[in-house]
Amino acid sequence: MSNRKYLEVLTPQNSQLIFIDHQPQMAFGVQSIDRQVLKNNVVGLAKAAKAFGIPTTITTVETEAFSGHTYPELLAVFPEQRILERSSMNSWDDQNVRDSLAANAAQGRKKIIVSGLWTEVCNTTFALSAMHDSDYEIYMVADASGGTSLDAHNYAMDRMVQAGAVPMTWQQVLLEWQRDWARRETYDAVIDIVREHSGGYGMGVDYAYTMVHKAPERVQHGERIGPNPAK
């Protein structure tokens with residue numbers, strides 16, 4: 001029988017988000033997804049959280065000694081965000097992380113959306129520990145996370161799903177939060193995120209806006225000249 005708590009869709013009111021160890025030394029080891037695609041997805045997810053007012057925790061491990069600084073593109077989305085530094089690979093071992101999550105959960109946000117590196121270590125240990133020790137629900141964003149091999153990522157995802165975590169993609173999270181295109185207060189922000197981070201979907205939105213609905217192009221550019229067939 002389905003666990004009914006997982007039948008409730010994500011909403012801007014029941015969700016919180018944690019980014020775990022999106023740092024260059026960790027990204028260097030990722031082989032399960034193209035690293036530029038990974039960064040695109042992480043930043044798209046971050047912008048989605050910003051647009052919907054989702055409380056967000058950013059945590060890092062051994063920044064100065066090993067892992068390096070969090071992607072500047074991620075930090076630019078949350079310029080005032082505290083960064084919770086740890087020594088443990090398992091974020092659940094750090095009290096500051098627990099306190100951040102608990103403060104959001106106290107507002108009814110027990111669905112924790114997770115994006116991190118590496119899937120098989122930092123994501124898995126956090127997910128299993130949080131589910132074991134609390135009543136939090138874990139939603140693991142597979143394409144905004146990465147492992148040291150495709151097998152490492154996939155088997156880690158399998159292990160977490162077997163334990164009760166819910167696998168998702170970043171765009172699924174975005175559109176589940178939006179839910180209804182009549183929600184105009186977030187419509188423009190969602191469309192902007194899609195255009196910038198959703199690949200072919202975003203290109204299709206630009207095409208529909210400009211070619212079908214005759215909206216102006218998003219950027220100004222030089223004069224279009226030609227054709228001028230050579231003789």
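W92 and Y136 are both buried in this predicted model. Their rings also form an aromatic pair of the edge-to-face kind, with 6.1 Å from centre to centre and 85° between the planes. An angle over 60 degrees is what puts a pair in the edge-to-face class, so the value of 85° settles the label here. W92 sits in the loop between strand 3 (83-86) and helix 5 (95-105), while Y136 sits in the loop between helix 6 (119-133) and strand 5 (137-141), so this pair ties together parts that are 44 residues apart in sequence.

Another of them is made by F52 and W177, whose rings are tilted, with 5.8 Å between the centres and 50° between the planes. F52 belongs to helix 2 (residues 35-52) and W177 to helix 8 (residues 170-178), so the pair ties together parts that are 125 residues apart in sequence. Are the two partners buried or exposed? F52 is buried, with a relative accessible area of 11%, and W177 is buried too, at 0% relative accessibility.

The axes of helix 2 and helix 8 come within 9 Å and cross at roughly 15°. Angles under 35 degrees count as roughly parallel, so helix 2 is roughly parallel to helix 8. The crossing of these two helices is left-handed. On the helix 2 side, the residues that meet helix 8 are N41, G44, L45, A48, A49 and F52. Their counterparts in helix 8 are W170, V173, L174, W177 and Q178. F52 and W177, the tilted ring pair, are thus both found among the residues of this contact.

Now keep your eye on helix 2 and look at helix 9 (residues 184-197). The axes of helix 2 and helix 9 come within 10 Å and cross at roughly 175°. Angles over 145 degrees count as roughly antiparallel, so helix 2 runs roughly antiparallel to helix 9. Which residues of helix 2 meet helix 9? They are N40, V43, G44, K47, A48, A51 and F52. From helix 9 the partners are T186, A189, V190, I193, E196 and H197. G44, A48 and F52 are listed in the contact with helix 8 and also in the contact with helix 9.

K39 lies over the face of Y71, at 5.5 Å from the ring centre. R195 lies over the face of Y209, at 4.5 Å from the ring centre.

Leaving aside its neighbours within four places in sequence, A27 is in contact with R35, Y71 and L117. A27 counts as buried, at 9% relative accessibility. For a sense of scale, A27 and D133 are 106 residues apart in sequence and 29 Å apart in space, C-alpha to C-alpha.

L117 brings us to the backbone. The peptide bond from L117 to W118 is cis, with omega near -15°. W118 lies in the loop between strand 4 (111-116) and helix 6. Another cis peptide bond joins G226 and P227, where omega is about 5°. P227 is found in the segment after helix 10 (199-212).

E62 has a positive phi of about 45° although it is not a glycine. E62 lies in the loop between strand 2 (56-61) and helix 3 (63-67), and it is partly exposed, with a relative accessible area of 32%. K214, also a residue other than glycine, has a positive phi near 60°. K214 has its place in the segment after helix 10, and K214 is exposed, with a relative accessible area of 62%.

Terms used: Residues numbered from 1 in each chain as written. Predicted model: local features only at pLDDT ≥ 70, side-chain atom pairs only at ≥ 80, totals over all residues. Heavy atoms only, no water. Phe/Tyr/Trp six-rings, centres within 6.5 Å; stacked < 30°, edge-to-face > 60°. Helix = DSSP H or I, 4+ residues; strand = E, 2+ residues; numbered from the N terminus. Buried < 20%, exposed > 50% of the residue type's maximum accessible area, 1.4 Å probe, protein only. Lys NZ or Arg CZ within 6 Å of the ring centre and 35° of its normal. Axes fitted to C-alpha atoms, helices over the stretch in contact; angles between N-to-C directions. Parallel < 35°, antiparallel > 145°, perpendicular 65-115°, else oblique. Left-handed = near helix turned anticlockwise from the far one by under 90°. Contact = heavy atoms within 4.5 Å.
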